[in-house]
Amino acid sequence: MSRYPPLTQEQDSRVTKLVDLLQETYLPLPPQLQELQRLTPLAEEQKASTSHNPVRQYCYCFLISREWDLQKAFEMMQLTVRYRAEHRLDGQRVFPCAISCKGWDQEAIRKALAKGEGTEESLQPRPTDQRLDRLCAGIAPFFSYGFHKWDKFGQPVLYMMIGTVDEPGLLESLRHMANVGQSAEAVLWEVVLHILAVGESLQMYQQLQYSAGALKVDAADGLIRSATIVIDLKGLTYKMLWKPALDLFMNTLREIFKYYPQCMYQILIVNSPAMVMFAYKIVRGVLPPGVQQKVHIANEADTPEALKKWLDEDCLPDFYGGTCHCDGGCIHGFDPTKKEKTVTATETTDSASTAAHDEDERNGTVRPEFVETEDITLKAGYHHKRVFPLKNREKAVWEFVSSNARNVTFAKYFVPEANAKEVNWAKAQTSKLEPFLVSKASLSEGSDEYTAAADGVIVLVWDNRQSWFTAKHLQMKVFKNDN
């Protein structure tokens, strides 16, 4: 059960060669590696050890992920370093995190990892009223997941309750939370990046605790740099093998394996129904060969024993036969006795943001961060109309994009209050609005706002009546804002 099998002479030589390439290419070293070095004091006798030396272990992970192909491992390293820099993944504030994370004092983690950083910003908690928090809150009613304690090697354990996922609800929620022009897959990836960041931080904290003698686990064979994944399939049916959901899952896995080397130690698939091998054959192709070897599948009867092989009972939730009873449940929002989710969309949303949202609704306006993205299909010969009464200096704001860059005719009209009083806006023909036209153009996308100079009504129209056969698909956000 060693996490670091003995290396052959050739493998050890390739680690050394990749270290040389790393040091020749990056001066200074990549920020992620600098952080690992800062948090991993190295004894003299450990410098030559691949599993204990943070630089050698960093290179080892890329080689393992690319089947010991030196060139492919170096290419992955370059891709990862570039990606982390472009998305500012290093040095970000993670705690308090936006997902379920039980078994740790998050404030203690934050202080331990920030110690010695020296910058005022790095010492501050993560703001909890961000888009990330709203995304995680929006997903919570449809999918339960989260970190809960650690395995016998001290590695954090991420639980994913796949068997109770409401797939249509999840996809619909992702689409509504998308920015205009953004896919559901890209929205989920924002959340996955946070999950991965939490996992990396927990791994570094676990290593600090082990090095200090405060964590009694079997980690003598090397650094704690991976997580164990538990995928619970209880409740999974053939009906849930829905192509849009499978595509979402598989594409997310591809992205993880593209940028995150050796981030998973074991993947324990538990409470597996008899038909799961069919599902596994579908997704197995996206897993690198090394990852396929990490997958262990257990049926419902064998699940407690299978988990206890890797986790001590005091770290195992009681519904798996362990002795842990976390306040509020070991996985936030998951009740093993119910099929329905026990979390509502507002439960994990910052209370100040929710209160502000409620106040805006009472005033008839909406803050941009609370506006859902709409998917509109404009059939050939039809149009889509939005109408907003505006007071002096109030604004109507819009953003839209047409799929495949197909143009639609977009027009905006402003009708003064005196002219708008007798209009039935549900039946009003746009031809009657021409005297009040502000602008009209053929566009595939647009983003703008209109500020009323007097009381009146603004009418926004997306028109596909010039097309005889082709429907147009639009993503849009449209709202009224008095700020």
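This is a dialogue on reading a predicted model.

Colleague: What should I know before I start?

Modeller: Residues are numbered from 1 along each chain as its sequence is written. This is a predicted model, in which local features need pLDDT of at least 70, side-chain atom pairs count only at pLDDT 80 or more, and totals for chains, interfaces and linings use all residues, while side-chain values use heavy atoms, with hydrogens and water left out.

Colleague: What is the average pLDDT of the chain, and where is confidence lowest?

Modeller: pLDDT is the predictor's confidence in each residue, from 0 to 100. Here the chain averages 86, and 89% of the residues score at least 70. Confidence is highest in strand 2 (residues 145-150), at a mean of 98, and lowest in helix 13, at 42. Over residues 342-364 the pLDDT is below 50, and this stretch has 31 contacts in the model beyond near neighbours in sequence; a contact means heavy atoms within 4.5 Å. Where pLDDT is low, the predicted coordinates should not be read in detail.

Colleague: How many helices and strands are there?

Modeller: Both are DSSP runs numbered from the N terminus: helices are H or I with at least four residues, strands are E with at least two. This chain has 14 helices and 14 strands.

Colleague: How is the packing of two helices described?

Modeller: By the angle between their axes and the distance between the axes. Axes are lines fitted to C-alpha atoms, for helices over the stretch in contact, and angles run from 0 to 180 degrees between N-to-C directions. Take helix 2 (residues 31-38) and helix 3 (residues 54-65): their angle is about 135° and their axes are 9 Å apart. The two helices are therefore oblique to each other; under 35 degrees counts as roughly parallel, over 145 as roughly antiparallel, 65 to 115 as roughly perpendicular, and the rest as oblique. Where they meet, Gln-32, Leu-33, Leu-36 and Gln-37 of helix 2 face Pro-54, Val-55 and Tyr-58 of helix 3.

Colleague: Is Ser-201 buried or exposed?

Modeller: Buried means under 20% relative accessible area, exposed over 50%, and partly exposed in between (1.4 Å probe, protein chains only). Ser-201, in helix 8 (residues 184-211), is buried because its relative accessible area is 8%. Not counting residues up to four places away in sequence, Ser-201 touches Val-94, Phe-95 and Leu-113. In the chain, buried residues make up 51% of the 483 residues.

Colleague: Where is Lys-338?

Modeller: Lys-338 lies in the loop between helix 12 (303-310) and helix 13 (351-362). Its relative accessible area is 46%, so Lys-338 is partly exposed. Lys-338 and Thr-164 are 174 residues apart in sequence, and their C-alpha atoms are 9.3 Å apart in space.
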